[in-house]
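Thank you for making time this morning.

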Amino acid sequence: MEASVLIFGLVNSATLMLVALGFSLIFGLSGVANLAHGGIYLFSGYVTWMLMNYLGVPFLLAVPLTIIIAGVLGALIYWVALKRVRGLHLSEVIATFAVGVAILELFRWMGFVTYEFTLPVFIKGSVDIAGVSIDYQRLLIIGIGLLLAFALWVFSRYTKMGLALRGMAQDEYTALSIGIDSDWAAALSMALGSAIAAIAAISILPLGIISINMGYEVLIMALAVSVVGGLESITGLVVASIILGFAKTITGTYFDPKWMEVIYLFALVLVLAIKPSGLFGKFKELEERV
Amino acid sequence: MSAKVGYRKERLDRGIKARTDDIFAISTYREILYLILPRVFVIAGLLIFPLLGDFTGVYWQNVIVITCTIALLALSWDLLHSVGLVSLGQAVFFGVGAYITGFLAQQFGLPPLVTIPLATVFGALVCTMLLYPVLRLRGVYFGLITFALPLLFMRIIETTKVLGGTEGMSGLPALPSIAISLYIIITITLVCVFGFQRLFETDYGLVLKAIKDNDRSVIAAGFNISWFKAQAVFIAALPATFAGAFLTHHYQFVGIPAFATDYSILPLASAIVGGPGSFFGAMLGAFLLVPLSELLRDLGTLRIVIYSVILLIFVVGLPEGLYPYLRRKYFQFERVVSMELEEGGK
Amino acid sequence: MKKRISGLVLFGVVLIGLLIIAGCGQSNTSTGGDSKTSEAKPIVIGVATALGSIEGADSLRAVELAVEEVNAGGGITVKGEKRPLKIVSIDTREHEPGLPVHDALAALEKLITQEKPDAMLVGSFRSEVMLSAMDLIAKYKVPNIVSIAMTPEFEKKLQTNYENYKYNFRMGLTSANLVQYLSKTMDFIGKEHGFKKAYIVNQEVLWAEGTAKGVKKYLEANGWQVIGKDTYATGASDFSASLTKAKNGGAEVIIPIFDMPQSGVLLKQARSMKVPALMAGFISPAAPDSAWKTFDGEVDGLVNFVFEIGPLPVKAVNKSMTFNDNFGKKFGVDQQAKMGGHGPGPAYDSVFVLTDAIKRADSLEANAVVDALKKTDMEGVIGKIKFNENHQVIYDIDPKTSAIGSAFQWVDGKRIPVFPEAAAEAKIKLPEFMNK
């Protein structure tokens with residue numbers, strides 16, 4: 001029992017982290033709360049499916065293609081919708097929300113509601129760890145999650161591009177004055193975040209069937225993790241995913257699984273009410289409330 | 001410096017607008033009409049509509065009921081927005097009102113005449129208390145929490161099975177007739193839109209507006225802004241909880257769809273399309289979007305996509321909204337004037 | 001800047017225009033069953049349901065198929081005049097979680113008041129919409145034969161005010177019937193393989209919760225040991241908690257009751273966690289013929305249900321075989337393979353039940369049709385069709401005397417009916433991973 005809680009707690013944490021990484025990255029780097037996140041996530045899933053089933057692209061090629069397409073979509077959303085309302089938080093939120101809903105409902109209208117939409121797993125089969133059988137795909141999710149988080153941490157701290165983006169997030173005027181192009185930075189962060197959403201989709205969706213409503217669920221998960229962890233810190237993100245992921249598994253195992261999906265919302269509301277900047281958020285503390 | 005001549009547009013008040021601004025004692029009929037005609041047109045149109053029942057059919061009468069519901073929610077959104085609180089979850093207010101009515105009607109068998117006013121006031125109180133702890137939040141944070149609240153309520157009712165669980169409560173007492181329903185909701189909508197407009201012309205409204213513009217200076221001026229915000233939330237919740245209570249009796253049903261996201265998105269879209277900040281705009285938006293969505297009903301889910309695209313266009317391209325645009329055309333005219341260009345000017 | 005903005009607006013307007021055109025193009029094709037047979041005024045059948053859902057879309061197709069068959073025979077004779085059938089449909093979008101009930105009712109009311117249908121078929125998708133729609137039907141007095149929503153409240157509500165609600169009939173299965181079927185299937189499995197330990201996992205929706213509780217009660221009263229019963233919220237996507245408990249508790253049968261797409265995760269996760277138990281219950285994504293391909297064979301050994309036969313060809317009921325063939329011919333084999341386990345069978349039959357009643361009543365007047373409907377006694381793709389005193393089609397285990405639902409097992413890429421015995425074509429086999 002304990003071993004399975006530990007293992008599946010980790011899987012759930014990694015899933016949450018993967019789902020939230022893209023969202024958190026965009027918010028941290030460009031200050032845009034990208035409510036189209038769920039839309040982009042599902043878009044990536046369906047695009048991979050369409051590439052494989054309509055065009056016959058092999059899986060290994062469809063994956064990088066989808067990641068690139070999602071990245072382009074992210075940048076496009078920035079150039080078409082967000083560029084003109086930059087800095088107006090309300091308009092940004094509404095614009096991205098509208099884009100997300102449009103994407104999801106368009107797929108619904110196009111008839112992507114039947115039960116045939118699945119993505120293949122990377123490696124079939126499962127392995128026994130401490131008496132618990134677990135499939136390779138779930139192990140891979142843990143691996144990919146950790147790898148991506150680490151890569152992003154390095155990117156945002158030790159590469160010029162990452163530093164430029166972070167500088168932009170911290171103080172736009174100063175960053176402008178030392179020659180960082182604001183639009184370029186924001187579009188890049190949108191593209192990166194969307195590409196990461198695509199990676200998350202491609203690793204998580206093979207566990208089940210792709211369905212439209214997941215787009216909305218994913219958005220809530222991403223919001224919950226990012227808000228609990230603090231909207232711009234990768235450490236916070238990791239810690240929040242672990243807290244929520246284990247809380248979910250423990251609730252399911254020792255309490256009652258029906259409360260598992262309530263946890264996100266509860267945590268989201270609680271943290272927003274008590275400490276909106278999240279457990280690890282720092283430099284936005286002054287702005288968040290009066 | 002050789003001055004190049006360029007052209008620009010200039011806006012001026014129409015003469016009639018300038019003449020009718022202050023002194024009514026010397027106004028002509030034409031000027032008085034100019035002032036009151038738009039209002040009379042709206043009020044009379046809405047009041048006559050229910051009388052045309054035979055011509056319009058029940059279906060369109062129901063559409064107007066729903067339109068007014070969304071208009072009330074949009075007005076509520078607009079009031080919150082005017083205090084600097086951006087709500088992404090008008091469904092909270094709607095759902096709370098709906099559930100209180102449903103509970104009162106089912107548990108105590110009270111008639112709509114009692115349950116609706118009770119639910120309106122009591123629901124607004126509940127909402128204010130719910131939101132009080134988060135009123136100090138600024139920016140997107142308040143939006144996010146209102147976004148999460150209806151979803152949380154839905155999940156909690158679903159999981160704990162209180163208040164009818166997923167099945168909801170059906171077979172609640174109905175309102176006497178569609179014409180009466182229409183008159184009630186149309187009257188309330190008109191009262192709200194004109195009332196809110198007036199409210200924001202008073203000194204009290206000035207404080208509320210100032211909170212949005214610069215909360216810190218309002219604090220510096222010695223106002224307790226949390227208290228003012230709480231009052232604003234209460235006032236804003238009233239039309240929304242009323243809408244919930246009213247629609248519950250109109251359809252004799254309440255269930256978790258009362259917290260549906262449509263009740264959050266449609267009012268938001270209406271206010272944005274109509275023009276936030278001017279209550280008439282929110283109403284105009286609702287009266288355009290809801291009937292439009294009925295006309296597009298055959299398109300199924302596609303109409304949500306169309307909605308989203310419209311919303312996007314307005315947010316990004318025409319953030320001012322329709323109402324301020326129309327208002328400007330009514331009161332002002334534009335003309336092209338020449339001007340001297342400085343060097344390097346465009 | 002100004003120019004750019006108007007560019008965007010233009011782009012948006014063009015986009016919306018294109019969307020509307022595309023939408024019209026699509027919606028036109030969906031109103032099938034046109035009347036080319038004669039100039040007589042057609043009998044209008046209204047279908048107001050969630051057309052975007054699997055159940056709703058399949059049901060509409062089934063109705064179209066049935067109407068085509070009736071019209072091919074020249075329509076039906078009412079008062080000496082041969083009249084064709086015509087379908088008018090509207091999408092209530094009930095399957096979308098964000099949709100308020102009033103919106104679905106508005107759609108229904110629009111269809112009734114504007115198209116003036118002589119009868120309504122298929123009906124609401126969500127239970128709560130169906131219950132509130134009964135009040136609307138009472139107002140407009142249109143015979144209404146529903147076949148998707150499953151709540152037992154339907155019969156209770158009908159009893160409370162019979163005169164008012166008598167226009168409503170239901171062809172689909174109720175959750176009470178489902179309990180009965182599941183319980184009997186468990187008996188069957190218990191007898192066959194000596195299983196006594198079960199684990200129930202179900203979705204947090206009314207029909208599933210009710211079914212799960214009923215099954216649990218039955219099993220416990222009949223010598224089974226129910227190791228656990230867990231409920232998952234709609235949208236849940238991790239079932240490890242229950243699966244671990246089932247595995248550790250030594251469950252021999254896992255009874256899943258779900259109609260959400262995410263329940264596919266449960267199936268795959270159970271396989272990957274090597275839970276050595278037979279799965280027997282309802283998992284909607286694993287019901288269609290195409291599920292074998294979707295799950296890449298991982299459904300092997302699963303015992304699943306079709307709520308009403310029809311989408312599952314059963315040799316004991318001849319009509320269910322021809323129905324599948326004809327469905328495949330009209331809409332393509334691909335579409336037939338995707339048909340879900342709930343809806344199409346009774347939707348198809350409801351057209352014939354209705355035309356039969358109209359013929360017998362020799363009238364389109366609602367009360368006369370209702371009286372004739374009550375006396376329905378005919379063979380359909382779902383078995384023998386008879387209504388009980390609460391206007392619910394009787395479901396039992398023999399297709400010769402009642403309508404049936406059926407349990408089937410996935411074996412080597414095929415769905416083999418295994419229960420009830422009268423329809424069974426093979427015995428339940430234990431999947432390979434259980435024969436150690």
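**Domains and chain contacts**

Let me begin with chain C, whose assignment, automatic or taken from a database, gives domain 1 (29-173 + 320-386) and domain 2 (176-306 + 405-434). Before going further, please keep in mind that this is a predicted model, in which local features need pLDDT of at least 70 and side-chain atom pairs count only at pLDDT 80 or more, while totals for chains, interfaces and linings use all residues. Residues are numbered from 1 along each chain as its sequence is written, and chains are lettered from A, with ligands numbered from 1, in the order in which they are written.

Taken over C-alpha atoms, the centres of domain 1 and domain 2 of chain C are separated by 31 Å. Their contact, which counts residues whose C-beta atoms, placed from the backbone, lie within 7 Å, takes ten residues from domain 1 of chain C and 13 residues from domain 2 of chain C.

Moving on to the neighbouring chain, the contact between chain C and chain B takes 37 residues from chain C and 36 residues from chain B. On the side of chain C that touches chain B, helix H1 (2-30), helix H3 (101-115) and helix H4 (127-140) of chain C each supply at least two residues, helices being DSSP runs (H or I, at least four residues) numbered from the N terminus.

Finally, chain B also meets chain A, in a contact that takes 36 residues from chain B and 36 residues from chain A. Which helix gives the largest share of the side of chain B that touches chain A? That share, twelve residues, comes from H6(B).

Methods: Two residues are in contact if their C-beta atoms, placed from the backbone, lie within 7 Å.
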